[in-house]
Amino acid sequence: MRFVNPIPFVRDINQSKEFYEKRLGLKILEDFGNFVLFETGFAIHDGTSLEQTIWRQEFIANEPYGRRNLLLYFEHEDVEVAFENIAPHVDLIHPIERQAWGQRVFRFYDPDGHAIEVGEPQSLGPLGNSHKA
């Protein structure tokens, strides 16, 4: 067994698709209308249709899907350029900061309130890139 990817629920698939494509620069691999798969393997799914698929019912709620209990992690070769391009258009959690493990990152919320971290790549020898040592 291998872990493939998280699939965040989103309230407005078109708004989220545009956010991840235009703000984060992800390229769409496949767009099925209520499910969008990006080239990186990251995917988003319309929340109400996924609720129907998984639980066979739709939960009527207006609160954001993001609950401050999940961090979506991305890397960018030039974290300053990423920050300049993204920060003016998002609800920023904090600007670029050096973390205890030495990596520089910034964090913000997507349109559904999911926390996103963008960091500079961290190489850990034979393990390749990894979030934290």
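**Close-up views**

View 1. Tyr65 is buried, at a relative accessible area of 12%; buried stands for under 20% relative accessible area, exposed for over 50% and partly exposed for values in between, with a 1.4 Å probe and protein chains only. The model is a predicted one, in which local features need pLDDT of at least 70 and side-chain atom pairs count only at pLDDT 80 or more, while totals for chains, interfaces and linings use all residues. Residues are numbered from 1 along each chain as its sequence is written, and side-chain values use heavy atoms, with hydrogens and water left out. Rings of Phe, Tyr and Trp (its six-membered ring) count as a pair when their centres lie within 6.5 Å; planes under 30 degrees apart are called stacked, over 60 edge-to-face, and the rest tilted. By this rule there are 13 aromatic pairs. One of them joins Phe9 and Tyr65, a tilted pair with 5.4 Å from centre to centre and 55 degrees between the planes. This pair links distant parts of the chain, 56 residues apart: Phe9 is in strand 1 (residues 9-10), and Tyr65 is in the loop between helix 2 (47-55) and strand 5 (71-75). Helices (H or I, at least four residues) and strands (E, at least two) are DSSP runs numbered from the N terminus. Phe9 also counts as buried, because its relative accessibility is 18%. The charged end of Arg11 sits over the ring of Tyr65, 4.0 Å from its centre; the term requires NZ of Lys or CZ of Arg within 6 Å of the ring centre and within 35 degrees of the ring normal.

**View 2. The aromatic cluster.** One cluster is formed by Phe19, Tyr20, Phe38, Phe42, Phe74, Phe83, Phe106 and Phe108. Both Phe19 and Tyr20 are buried.

View 3. Four strands form an open sheet in the order 1-4-3-2, with mixed pairing. Strand 1 and strand 2 (28-31) are at the edges, each with a single partner strand, so one side of each has no neighbour in the sheet. Strands pair if DSSP finds at least two bridges between them. Strand 1 and strand 4 run parallel and are joined by two bridges, and Val10 stands opposite Asp46 in strand 4. In helix 2 the buried residues are Gly47, Ser49, Leu50 and Glu51. These buried residues pack against strand 1 and strand 4 (43-46).

**View 4. Strand 5 beside strand 8.** These two strands pair in the parallel sense over five bridges. Phe74 stands opposite Val118 in strand 8. The covered face of strand 5 holds Leu72 and Phe74, and the uncovered one holds Leu71, Tyr73 and Glu75. Glu117 lies in strand 8 (residues 115-119) and is buried, since its relative accessible area is 0%. Its side chain makes a polar contact with the side chain of Arg107, at 2.9 Å. A polar contact is a pair of N or O atoms within 3.5 Å; within protein, one must be able to donate a hydrogen and the other to accept it, and residues adjacent in sequence count only if both atoms are side-chain atoms.

**View 5. Confidence and residues 124-130.** The mean pLDDT of the protein is 90, and 92% of its residues reach 70 or more. Over residues 124-130 the pLDDT is below 50, and this stretch has twelve contacts in the model beyond near neighbours in sequence. Here pLDDT is the predictor's confidence in each residue, from 0 to 100, and contact means heavy atoms within 4.5 Å.
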